[in-house]
Amino acid sequence: MKLKRIIAVLLLFALIQLVAISISPSQASTAAIWTDKADYTPGETVTVMGTGFVPNAYYDIPVIRPDGTIVPGDGSTTPGWDTVLADAYGSITYYYLLNGISGLYEVRVYDSPWSGNLDETALATTTFTDAKPAADLDQVRNGPATAPWDPAEWVNGNAGPSNAHYAEGYSIPYRCIMTDLPIGTPITITFGYDIKHGDRHAIDYLTHYNRTDNPSHETVFGHPPEEIDPTDGITGTWTVNDTHTIPRPDTTNSPVDDMPGLSWDWLVGNETIDGVAMTIFNGTISDITYDEDGDLTASQSEARLNVTFTAVGPTAVLAWGGHIASRLDWGYDDAGDPRSAGGLTGSPYHMRLIGWTINNLGQQDRSLKVAAVFVPGTVVIVKDAIPDDPQEFDFTSTTLPDSAFTLVDDGIVDNWIMYSGLAAGTYNVTEIIPTGWDLTSLTVSDPDGESSVVDETAFIDLDAGETIYVYYENTKLGIKAGRKWDDTNGNGVWDTGEPALSGWTINLYNST
């Protein structure tokens, strides 16, 4: 009986060992794996971690890419997978370098050696994504002219008079938010913009993003310019920021000699080269070139610009402005119509995202309605002194940008002053007549004849796009008319009967 019990115990022990042998060490464990992030940018290294494995055992780790292929974690494209060794606690760590395929990845763990059959049940699995690089084109809405939004708002849509106000000569601010970028890889992105629309000049060249104060925003709209921050609303740390000059625009076959290049030159001269710079946040710009110049003679034409940059983080922002063509630059055609797009209907101002070199990128278009672009007027005050004289003539105004200014008409210096970029409205200017001079004429050249004069004051009714000239003519006092005569008796007095000599007139000027 005792022998039977011993045999039974031995049989039971053998059965337990047989079961233990038939179950692999890893299958008997509670293995689990995960990654340090759920989503990665191209070129990043994925860290895979796991616990619950058999200590000091080997495991094969295939990573199945979005296209179904399996390659090792060294960034190569050679088919295969890697093997890792669990530590003394049954934990594993594995590093996998991403190499440019965007989408969903699956990580599996098998006992080593693995057969390569994906139909086999894995010991543990997890997933992560290598997000596809993306770019979004935004423009600024700064609110209606009478109720501005400060700071200005960036929108992924179009703009009109109910949510934006600009003026000819301003630049429309644009930005491109780029996400999930490969770090350290040069990328070229292409933008397009309408230089001609409806046979008028629309966005004639590109500038710095913050140009809504020339002409003066306060003068045109009665309030300061709105704050414009290209990083507003974007999560990120902007560690490296860079700028690069946007090239001078093409002027081939322009209807106005060397335009819009002359406008670009003026902007650089008055606002420095920074006025025509593109800015990147979290990156560096290596080159900006024209891909297409566009045709200044066409009714509809687009220019394209290539920007080459390198990102230093997964998110970067490009910011620039589109210069709104001005009639002060382009003038008027033979019919008297402005060559600038102000005065058209619809949305002539277009900026487009065309594509880039890292993947397929659908086109995006942002437009601005012409009704949101105010056409400033111009007032020119002209002094005519009779005779030319170094006398300074003082003027005052309660409405022009200068409350006081001085003009001289000596035949040497300019005898006029121009105020451009003025909003439509009523303006006034008054001359303070100096001692020894008389105001002999005050006229206002107004295209619609709605301006008027009262004594020394001109009341100017300025409409959008009008140019009004105000002419002040002053004559020096003490001008006397005299004659040369035949002084027969030699007494120096013009006596009765002494004839005047024809063709002689003498003007005498009293300096007091």
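Is D199 buried or partly exposed? D199 is partly exposed, with a relative accessible area of 46%; partly exposed lies between buried (under 20% relative accessible area) and exposed (over 50%), using a 1.4 Å probe and protein chains only. This is a predicted model: local features need pLDDT of at least 70, side-chain atom pairs count only at pLDDT 80 or more, and totals for chains, interfaces and linings use all residues. Residues are numbered from 1 along each chain as its sequence is written, and side-chain values use heavy atoms, leaving out hydrogens and water.

**Salt bridges**

- The whole structure holds 15 salt bridges, each a side-chain nitrogen of Lys or Arg within 4 Å of a carboxyl oxygen of Asp or Glu.
- D199 pairs with K196 in a salt bridge (3.6 Å, N to O). K196 counts as buried because its relative accessibility is 3%.
- R211 and E271 form a salt bridge at 2.7 Å, N to O. This pair links distant parts of the chain, 60 residues apart: R211 sits in the loop between β16 (203-207) and α2, E271 in helix α3 (residues 261-271). Helices (H or I, at least four residues) and strands (E, at least two) are DSSP runs, numbered from the N terminus.
- R211 is buried at 5% relative accessibility, whereas E271 is partly exposed at 22%.
- K476 and D389 meet in a salt bridge (3.1 Å, N to O). Their pairing also links distant parts of the chain: K476 is in strand β33 (residues 467-476) and D389 in strand β26 (residues 389-396), 87 residues apart. D389 is buried, with a relative accessible area of 13%.

**Nonpolar cores**

- The largest nonpolar core has 86 residues. Such a core is a set of buried Ala, Val, Leu, Ile, Met, Phe, Trp, Tyr and Cys residues joined through side-chain atoms within 4.5 Å.
- M178, I189, L318, W320, Y349 and V429 have the most contacts inside this core. Strand β21 (residues 316-324) gives the largest share, six residues.
- A second, separate core has 22 residues, including I61, V84, A86 and L98.
- H201 is in strand β15 (residues 200-201) and is buried at 2% relative accessibility.

**Backbone geometry**

- Most residues other than glycine have a negative phi, and most peptide bonds are trans.
- The D150 to P151 peptide bond is cis, with omega near 10°. P151 lies in the loop between β10 (134-141) and β11 (153-155).
- I386 and P387 are also joined by a cis peptide bond, with omega about -5°. P387 is in the loop between β25 (377-386) and β26.
- D180 has a positive phi, near 55°. D180 is in the loop between β13 (171-179) and β14 (186-197) and is buried, at 17% relative accessible area.
- T272 has a positive phi of about 70°. T272 is in the loop between α3 and β18 (277-281) and is partly exposed at 43%.
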